[in-house]
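Here's a quick briefing to read with the model open beside you.

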Amino acid sequence: MNFEALAQRYGTPLYVYDFDRIRERYERLKEAFAGTKSMIAYAVKANSNLSVIRFLARLGAGADCVSVGEVLRARKAGIEPYRIIFSGVGKRDDEIERALKEEILFLNLESEAEMERVEAIARRLGREARISIRVNPNVDPKTHPYISTGLHENKFGVSLDTAKRMYIRAKNSPHLDPVGIHFHIGSQLTDLEPIREAAGIVADLVRSLAAIGVEIRFFDVGGGLGVVYRDETPIDPADYAAAIKEAIRGLDLTIVCEPGRYLVAEAGWLVTRVLYEKRNGDKRFVIVDGAMNDLLRPSLYDAWHGVRFLPADKEERGAASEAEIVGPVCESGDWLAKGIALPPTRPGDLIVIEGAGAYGFVMASNYNTRPRAAEVACEGGRCRLIRDRENFEDLIRLEEAYLEDDDDA
Ligand SMILES: *Cc1c(COP(=O)(O)O)cnc(C)c1O
């Protein structure tokens, strides 16, 4: 990837994605599920750029969405309704209604209250809502607490008992069609055992539901496959798929898998330029033009990202020393990398943050009235812009009309 050429052409901070790498990831996972009915529903929230979704759509992916906005993005990017799933703990009535009208594959429900609401809306529309219930199998995924979702202490899903009660109720409702079962125990999972355990628990529930006449067709195993940010050993997709196939042995189910991070994290970089260097006492800071508003993960999760220092003459710069890479935002929490060995830097040097393809741009904000970065996609050695850099006008557009004139006061 020629980051210098891209930075010159499109400016910095800049997100760059390698679509070839996304394709490789997608195909490896798809192949792992070969021999069983399966669908890979890309978790759109990881990177919801329309071109990213469209690229995955063309590879055959469906979409897992957590807002109606994401459902509409998936449709716009060319994903067929029967490949779209709508998940999330807090769906609004208008979102439920729109999802039903779009005739998506199913809604993943996360509470009894939500099921009642979906039933009422389906009744009003004279429809039958295809649903799936998110079961919280209460297993510890051993990941960061903010991205752990499979324990009863988390807000996600319902207990096995509640799920069973909900399925019976749904089966008896003319407006609910319980077609799927769902679990998603956390993100950035690097240990297969909790997934194996959860899949076993949920598959047993499918068997006991079958015994009382509730026929589940979709076994939605969520996402969560971990990636390498530093020195993690990720789960091999082949082992992952084998564990799931084993769990549902003897059942006639379509496996639905909802990877986000796995598909896009390592296929994205945030390209920044050095503005200044400074020392405060013993501490060395390298200030770059990218910040927490561009990439929130370090500030939010204390996340570690690899760093590439790219000046052509870096070998002649002298001895490296430890530095913290920080942005211009007025927050002490505004940092991109800590404890990084860097030679002396100069203004304009390129510093590239690795592993920024997932939960990067999508979490960007306009904090400090900073326009969001441009995004570029590269495929087969050719790169193209897939989102313009915002400008000042974009940022004030929704306020401007309400600006009161002093003269009228
Ligand atoms: C966030 C999320 C995913 C994707 O998680 P990754 O860790 O990015 O794979 C999948 N399913 C649901 C329900 C989610 O909330």
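Predicted model: local features only at pLDDT ≥ 70, side-chain atom pairs only at ≥ 80, totals over all residues.

Residues are numbered from 1 along each chain as its sequence is written, and side-chain values use heavy atoms, with hydrogens and water left out.

**Helix packing**

- Two packed helices are described by the angle between their axes and the distance between the axes. Here axes are lines fitted to C-alpha atoms, for helices over the stretch in contact, with angles from 0 to 180 degrees between N-to-C directions.
- Helices (H or I, at least four residues) and strands (E, at least two) are DSSP runs, numbered from the N terminus.
- Helix α2 (residues 19-32) packs on helix α9 (residues 237-247) at about 35°, with the axes 8 Å apart. The crossing of α2 and α9 is right-handed, that is, the near helix is turned clockwise from the far one by less than a right angle.
- On the α2 side, the contact (heavy atoms within 4.5 Å) uses Arg28, Leu29 and Ala32, while α9 brings Pro237, Ala238, Tyr240, Ala241 and Lys245. Sorted by class, that makes 6 nonpolar, no polar and 2 charged residues. For the classes, Ala, Val, Leu, Ile, Met, Phe, Trp, Tyr, Cys and Pro count as nonpolar, Asp, Glu, Lys and Arg as charged, and the others, Gly among them, as polar.
- Helices α7 (residues 160-171) and α8 (residues 192-211) cross at roughly 35°, and their axes come within 11 Å. That crossing of α7 and α8 is right-handed too.
- Leu160, Ala163, Lys164 and Tyr167 of α7 meet Ile201, Leu205, Ser208 and Leu209 of α8. The α7 and α8 contact splits into 6 nonpolar, 1 polar and 1 charged.

**Aromatic rings**

- There are 7 aromatic pairs in the structure. Rings of Phe, Tyr and Trp (its six-membered ring) pair if their centres lie within 6.5 Å, and planes under 30 degrees apart count as stacked, over 60 as edge-to-face and the rest as tilted.
- Tyr15 and Phe361 have ring centres 6.0 Å apart and planes at 85°, so they are edge-to-face. Tyr15 is in strand β1 (residues 14-18) and Phe361 in the loop between β15 (350-353) and β16 (374-379), so the pair ties together parts 346 residues apart in sequence.
- Both Tyr15 and Phe361 are buried, where buried means under 20% relative accessible area, exposed over 50%, and partly exposed in between (1.4 Å probe, protein chains only).
- Phe33 and Tyr240 also pair edge-to-face, with centres 6.1 Å apart and planes at 75°. This pair links Phe33, in the loop between α2 and β2 (38-43), to Tyr240 in helix α9, 207 residues apart. Phe33 and Tyr240 are buried.
- Tyr15, Tyr17 and Phe361 are linked into a cluster by ring pairs.
- The charged end of Lys91 sits over the Phe86 ring, 5.4 Å from its centre, and that of Lys338 over the Trp335 ring, 4.3 Å from its centre. "Over" means NZ of Lys or CZ of Arg within 6 Å of the ring centre and within 35 degrees of the ring normal.

**Two loop residues**

- Gly60 is in the loop between α3 (50-59) and β3 (62-65), partly exposed at 29% relative accessible area. Leaving out neighbours within four places in sequence, Gly60 is in contact with Tyr26 and Arg83.
- Val214 is in the loop between α8 and β8 (218-220) and is buried at 1% relative accessibility. Not counting residues up to four places away in sequence, Val214 touches Tyr167, Lys171, Pro178 and Leu209.

- Most residues other than glycine have a negative phi, and most peptide bonds are trans.
- Thr12 and Pro13 are joined by a cis peptide bond, with omega about -10°. Pro13 is in the loop between α1 (3-10) and β1.
- Glu103 has a positive phi of about 55°. Glu103 is in the loop between α5 (93-102) and β5 (106-109), partly exposed at 47%.
- Tyr359 has a positive phi near 55°. Tyr359 is in the loop between β15 and β16 and is buried at 10%.
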